[in-house]
Amino acid sequence: MDFEAPSQSLPIATVLDGECGGYGSLWWWPMELRKLCLRNGPRSSKPIAPPSQTMESPPPSPTDQVSSSSNSTSEMSVEEKFRIVRSVGEECIQEDELMNLLSKKPLPVCYDGFEPSGRMHIAQGVMKIINVNKLTSAGCKVKIWIADWFAQLNNKMGGDLKKIQTVGQYMIEIWKAVGLNLQGDKVEFLWSSEEINSRSHEYWPLVMDIARRNKLPRIMRCVQIMGRSEQDELTAAQILYPCMQCADIFFLKADICQLGMDQRKVNVLAREYCDDIKRKNKPIILSHHMLPGLQQGQEKMSKSDPSSSIFMEDEEAEVNLKIKKAYCPPMIVAGNPCLEYIKFIIFPWFHEFKVERNADNGGEKTFSCFEELVADYESGNLHPADLKPALSKAINKILQPVRDHFKNDPTAKELLRRVKVCVLLSRYFV
């Protein structure tokens, strides 16, 4: 490490919120952190207002999964609802149960959750919006579980709940800015700390029963949900975490668990728990695809490696540079992150992919489906040098409303500043 801290380290809360003009003495801070703080100025003396719950939804965007000319939800056939909902998941356990649910329940409840643990990357931002908007268009209610207590259990942001909640507010602001459809009260944000405290008499007996019915090796197989492995040295809090996440599903009365493939094991644990207690209606697991990192061999994006992912408030030049440096071998589709971005973000958002190039290289072309693009790429008719600028342009178009929001809205701007400082503090001082 390129600096020497005082012999008595300051806790994160003191450093960020303390004296000395809001930052404390900067001389011993790492250069990256000093530059950020000095560039943005000292913290505001006013507390951050909570995100506005009455913030107007942005106008209809290309994220809409059902066009305005489509039938309303009430007029949709069960088969059409099934097609839309099923398209969210790379895997569904079980499809027959999903069809039965959609045919019998007018407003199925979907559960999606996240740890507020730092800046938001494009998979967490854009893919979530695409999936949630699909589910609500098919008549589902989506409960988004802001797992602040879970982030604390997992020692995110140094276990500082105040910082974790600041990150949670920042994430909500992003989803609203990028195009989350909030019409009709079909999306509900719930903070785990508030909900568990208000109904603790329901929650903790459920957690205890799940823990009592499972052996430690079975719980250990679930630690992947926290980004950990069974070989890691875990805290007691991290052993408790899977039992709590399993309980969340029943606590929220969820019919469908809509989470990533990396959360599959704990969702299966919930179905196994139903067998143990002889519960007939099991939660349906709808696991969405995990976008890889931008570099070769990265199975998923990493917030700790900025080059592996695009963040939702990245500037246009940053996006262009990251895509330019991304792994994208000519004529190779398998393991190509640029093509994954196009398949899972660009086509669902715009329903097309436009490549601009000069006539000597084939001229301008608009692809109407991913399979058409793959055919051109595998044959060599579409080169990475033409694909990458088109991908950067499409991503920047999606992200521009987020940039504008964090630039023009004072609350959002302050949230972003604080999140960036919190992330750096947790990296250096925890």
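Begin by selecting Met 331, which counts as partly exposed because its relative accessibility is 47% (buried means under 20% relative accessible area, exposed over 50%, partly exposed in between, with a 1.4 Å probe and protein chains only). This is a predicted model, in which local features need pLDDT of at least 70 and side-chain atom pairs count only at pLDDT 80 or more, while totals for chains, interfaces and linings use all residues. Residues are numbered from 1 along each chain as its sequence is written, and side-chain values use heavy atoms, with hydrogens and water left out.

Met 331 sits in the loop between helix H13 (316-325) and helix H14 (337-350); helices (H or I, at least four residues) and strands (E, at least two) are DSSP runs numbered from the N terminus. Although not a glycine, Met 331 has a positive phi of about 70°. Most residues other than glycine have a negative phi, and most peptide bonds are trans.

Next, select Met 157, in the loop between helix H6 (148-153) and helix H7 (161-178). Met 157 also is not a glycine and has a positive phi, of about 55°. Its relative accessibility is 6%, so Met 157 counts as buried.

Move to the peptide bond from Ile 93 to Gln 94, which is cis, with omega near 0°. Gln 94 belongs to the loop between strand E1 (91-93) and H4.

Continue into helix H4 (residues 95-104) and pick Leu 98. Leu 98 counts as buried because its relative accessibility is 0%. Not counting residues up to four places away in sequence, Leu 98 touches Phe 82, Val 85, Arg 86, Cys 92, Ile 256 and Ile 284 (contact means heavy atoms within 4.5 Å). Display Pro 283 as well: Leu 98 and Pro 283 are 185 residues apart in sequence, yet 9.4 Å apart in space, C-alpha to C-alpha.

Which strand holds Ser 287? Ser 287 is found in strand E6 (residues 284-288), and at 0% relative accessibility it counts as buried. Leaving aside neighbours within four places in sequence, the contacts of Ser 287 are Gly 89, Glu 90, Glu 91, Leu 259, Gly 260, Met 261 and Arg 264.

Finish at Leu 240 in helix H11 (residues 236-251). Leu 240 is partly exposed, with a relative accessible area of 33%.

Buried residues make up 52% of its 430 residues. Among contacts between residues at least 6 apart in sequence, 74% join residues at least 24 apart.
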